[in-house]
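Look over the sequence and the fold first, then work through the points below.

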Amino acid sequence: MHSAARFPSIACLIMQPERSDSQRHWHCLDSETVAAHFASDTKTGLSVGAAESRRLQNGHNVLQEAGRRHPLAMLASQFTDFMILVLIAAGVIAGIVGEPQDSIAIVVIVILNGIIGFVQEYRAERAMAALKKMASPQARVIREGAPVLLDARDLVPGDLVEMEAGNIVPADLRLTELSAFKIDESVLTGESQAAEKQLATLAEADLPLGDRLNLAYKGTTVTYGRARGLVVATGMHTELGRIAALLAGEVVKTPLQKRLARFGQHLALVVLAICAIIFVTGWLRGEAPLIMLLTAVSLAVAAIPEALPAVVTISLALGAARMVRQNALIRRLPAVETLGSVTVICSDKTGTLTQNRMQVDCMWVDGDTRATLPQTDAAPWRELGLAMILCNDAVTGVDGALTGDPTEVALLAAAQESGHDHVALRRAWPRIAELPFDSNRARMSTLHQDGNGVLVLVKGAPESLLPLCVDRLSASGATAIDAAALHVEAETLAASGLRVLAFALKRLPMLPETLDAGSLEAGVSFVGLAGLIDPPRPEAAGAVAACKAAGIVPVMITGDHPATARAIAARLGIVEDGGRVLTGGELARMSVDQFEREVEAIRVYARINPEQKIRIVQALQDKGEFVAMTGDGVNDAPALKMADIGVAMGKGGTDVAREAAAMTLLDDNFATIVTAVREGRRIFDNIRKFVKYTMTSNSGEIWVIFLAPFLGLPIPLLPIHILWINLVTDGLPGLALANERAERDVMRRPPRPPKESIFAHGMWQHILWVGLLMGGVSLLTQAWAIHVGDTHWQSMVFTVLTLSQLGHVLAIRSERESLFSLGLFSNRMLIAALLLTFALQMAVLYVPWLNPIFKTEALSLAELAACLALGSVVFVGVEIEKALARRGWLYAQR
């Protein structure tokens, strides 16, 4: 063996000669070397002068925020979208030519979109504030050999910090002294079990965070014991700071935003081309330029669906309100739709799929495995119950809840749930001495008064305790022990993802004068094994199955042990027994190309760090997947932001995760995601219906205005008519479509392909042919009225077009089902909107003082009957189209 391999401190220094302080592998260096590097001392710490000098040099121990954009700049950026610019231009032109109604409508919608976009962008900057709140406000520091209480922000590299149970670690530390010291690092590593720290120097440089046992990290919580440590990193140089830096990336647009952006750009270009054609054609025909300009503006207003942004916002808001009642809080409205698009859900294990608390899963005694501890006085189950209760430091708090180390709390809870009275048992066998848990021994022992003798109970790792056992308790008394068989049993339990503890006992005639672990724990009788696990949430398996049925692939990403990850994933149905688990170390050795070739087949990742979570999400996105990431810890926040949608836990989650996510589960229930997926799909379906409705209506208006001159007919509609149709006839029923129920197959079809156009599945063909039918019926009405000498022809065209659109909205309530199978009144809001719209249209025709404003004339009963008959043609045509689609004769199946 080379000398560098025998001395890890030297090895690490050789491997990292040019590393900065923030990049050094401090776990590879012994505490004295670290102290020397910072010109500090492991007993007396820094001098006051040196600490002040370093604070001036390094700055405060805080998480710095990137330079914020001014709110006015943020607000101004909301009005640079291509579709918004076209709307603004149309508004300006409308105002110039004397149509202020158009200008007002456009300006209101532009302002509404600007405010919503501003709020979304401003929200993204609050994630840093939540990270800052996690910092410990005060720290106990040794300076010049004396303890002093300081603001944690004043810590500097080289400071010597004291910690005890309940403290938040104020900076990244290299531990120098400790006593039974444990830290809850789940917010950084995903480990549900508190990490037991040690002082020994570690040899391997690239260990995962959870395995660097001689370091303590800023933002984590001390759960047990006490320790001292030297500050090796502060502020943005800490592991928490690195995560904060990862959160500085740009916000990802949702699929809906991308689709609407493309839609707006293409639509605006087509509109401009059509307007130019109409204007030039009319001018060449000798029409007055102002008339042709008005016509071109009318076409622009008709072709751009002004209400689309408002309807999208209202649809998402209604969905968000519904989801809050179902315990899903939407932090960013378009996220509702995104969840309906995802093809992969990357879920953290701890606290998301599991309960984030240890629980006894099974117990093995005398060849018998049980899930619960039996209430019996028969050996050796009685002795196992005593050991679980007495060799245990967990206690009942003032609120009645158990407190202490999570593992010991789980053991005591299992005994309590089986009917054992731990208070009475501890009173009957009072503890008179103990040997605390020691990481080198991997055991703890307690001594209890047992009549005139002493009962010694030992608890620890099987590999540590079994060699000390001389026999085994059975129902018939002490029997010969087969240590090899017991090792196999313990390893079998561990392979299934359980943390295994062994229990043993012996009886002494009296309390020894000196408590020596070597003699006290030798010659014990083996009692049994207990397997513990952070159990899956009861509803998680059903939620995973529902996701699979909806065509969504669940993927588990955790910092926990591979065996534990595989066991939980198998229980939940994420992976089959024996399925592959990719570890963080294996992922680090894979090239980008190699990983992307395999990423779609991997369902479970273990020992993953925050940067690797982002890599996994990016690899899936590069393969064309839309990714949702669920999680609750600080370590999840960067991936929550990078994913197409981040889903945080509201109860057990951290502020950082909630701020970085687009949606928060208020009940921390993974099953709520299924409800959100259903709601997202319903909302997108309804937005598609609105786009289909409004674009078909606008297509009909374009055909009417575009074709009339070529057919020798006068311009059939005035700008005020088009404005009325777009904002009232289109608007009210269109908004009511947002309330439409989910299609019956909404959770039986696969997710939409991420790059699928919003106009897929026959929608653009529908817009063209139904728009042409609508325009043709209107022009037929105009030609017939003029032919018979009816002077009300313009009001008739206006009314037929209006009624055609009302019939159309009734027919498209479902993509394929007939209105008659849906039920006419199953969407009462839509029926109310239709009745109101019809009433308003009648008012425009028959209220005298409205006639000059809208340039209409009252129709006779015969004329109105003809309009009603012609207006129903579109409804009948679309119902025939749906019947053909149901038979598979039209359009691709979804």
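Contact here means heavy atoms within 4.5 Å. By that rule, the buried residues of helix 37 pack against helix 33 (793-811), helix 35 (828-846) and helix 38 (873-886). The model is predicted. It holds 30 salt bridges and 0 disulfides.

- Four residues of helix 37 are buried: Glu863, Leu864, Cys867 and Gly871.
- Viewed down the axis of helix 37, these buried residues fall within an arc of 100°, so they line one face of the helix.
- Leu861 and Ala862 are exposed, on the other side of helix 37.
- Glu857 sits in the loop between helix 36 (851-854) and helix 37 (861-871).
- Leaving aside residues up to four places away in sequence, Glu857 touches Thr791, His792, Ser795, Leu845 and Asn851.
- Thr791 is 66 residues from Glu857 along the chain, yet their C-alpha atoms are separated by 9.2 Å.

**Helix 22**

- Helix 22 (residues 540-549) has the buried residues Ala540, Ala543, Val544 and Cys547.
- Why do they line one face of the helix? Down the axis of helix 22, its buried residues fall within an arc of 100°, so they share one face.
- The packing partners of these buried residues include two strands, strand 9 (344-348) and strand 21 (553-557).
- Helix 15 (349-353), helix 23 (562-572) and helix 29 (672-707) also pack against the buried residues of helix 22.

- Glu743 pairs with Lys689 in a salt bridge, with the closest N and O atoms 3.1 Å apart.
- Glu743 lies in the loop between helix 31 (731-736) and helix 32 (763-787), and Lys689 in helix 29, so the pair ties together parts that are 54 residues apart in sequence.
- Glu743 is buried, with a relative accessible area of 9%.
- Lys689 counts as buried too, at 2% relative accessibility.
- Arg813 forms a salt bridge with Glu740, and their closest N and O atoms are 2.9 Å apart.
- Arg813 is in the loop between helix 33 and helix 34 (819-822), while Glu740 is in the loop between helix 31 and helix 32, so this bridge ties together parts 73 residues apart in sequence.
- Arg813 counts as buried because its relative accessibility is 1%, below the 20% limit.
- Glu740 is buried, with a relative accessible area of 4%.

**Salt bridges elsewhere**

- How far apart are the closest N and O atoms of Arg431 and Asp393? They are 2.8 Å apart, and the two residues form a salt bridge.
- This pair links distant parts of the chain, 38 residues apart. Arg431 belongs to strand 14 (residues 431-438). Asp393 belongs to the loop between helix 16 (381-390) and strand 12 (395-396).
- Arg431 is partly exposed, with a relative accessible area of 30%.
- Asp393 is also partly exposed, at 26%.
- Lys43, Glu162, Glu177 and Arg228 are linked in a network of salt bridges.

**Surface patch**

- Which residues make the nonpolar surface patch of about 350 Å²? They are Val280, Trp283 and Leu284.
- Leu284 lies in helix 11 (residues 255-284).
- Leu284 is exposed because its relative accessible area is 67%, past the 50% limit.

**Cysteines**

- A disulfide is a covalent bond between the sulfur atoms of two cysteines.
- How many disulfides does a search of the whole structure find? The count is 0.
- Cys362 is buried, with a relative accessible area of 10%.
- Cys391 is buried as well, at 1%.
- Cys547 is among the buried residues of helix 22, and Cys867 is one of those in helix 37.

How values were computed: Residues are numbered from 1 along each chain as its sequence is written. This is a predicted model: local features need pLDDT of at least 70, side-chain atom pairs count only at pLDDT 80 or more; totals for chains, interfaces and linings use all residues. Side-chain values use heavy atoms; hydrogens and water are left out. A disulfide is a pair of cysteine sulfur atoms within 2.5 Å. Buried means under 20% relative accessible area, exposed over 50%, partly exposed in between (1.4 Å probe, protein chains only). Patches are made of residues with over 30% relative accessible area and no salt bridge: like charges are joined within 9 Å, nonpolar side chains (Val, Leu, Ile, Met, Phe, Trp, Tyr) within 5 Å. Accessible areas come from the Shrake-Rupley method with a 1.4 Å probe; for residues, only the protein chains shown count as cover. A salt bridge is a side-chain nitrogen of Lys or Arg within 4 Å of a carboxyl oxygen of Asp or Glu. The arc is that of the directions from the helix axis to the C-beta atoms.
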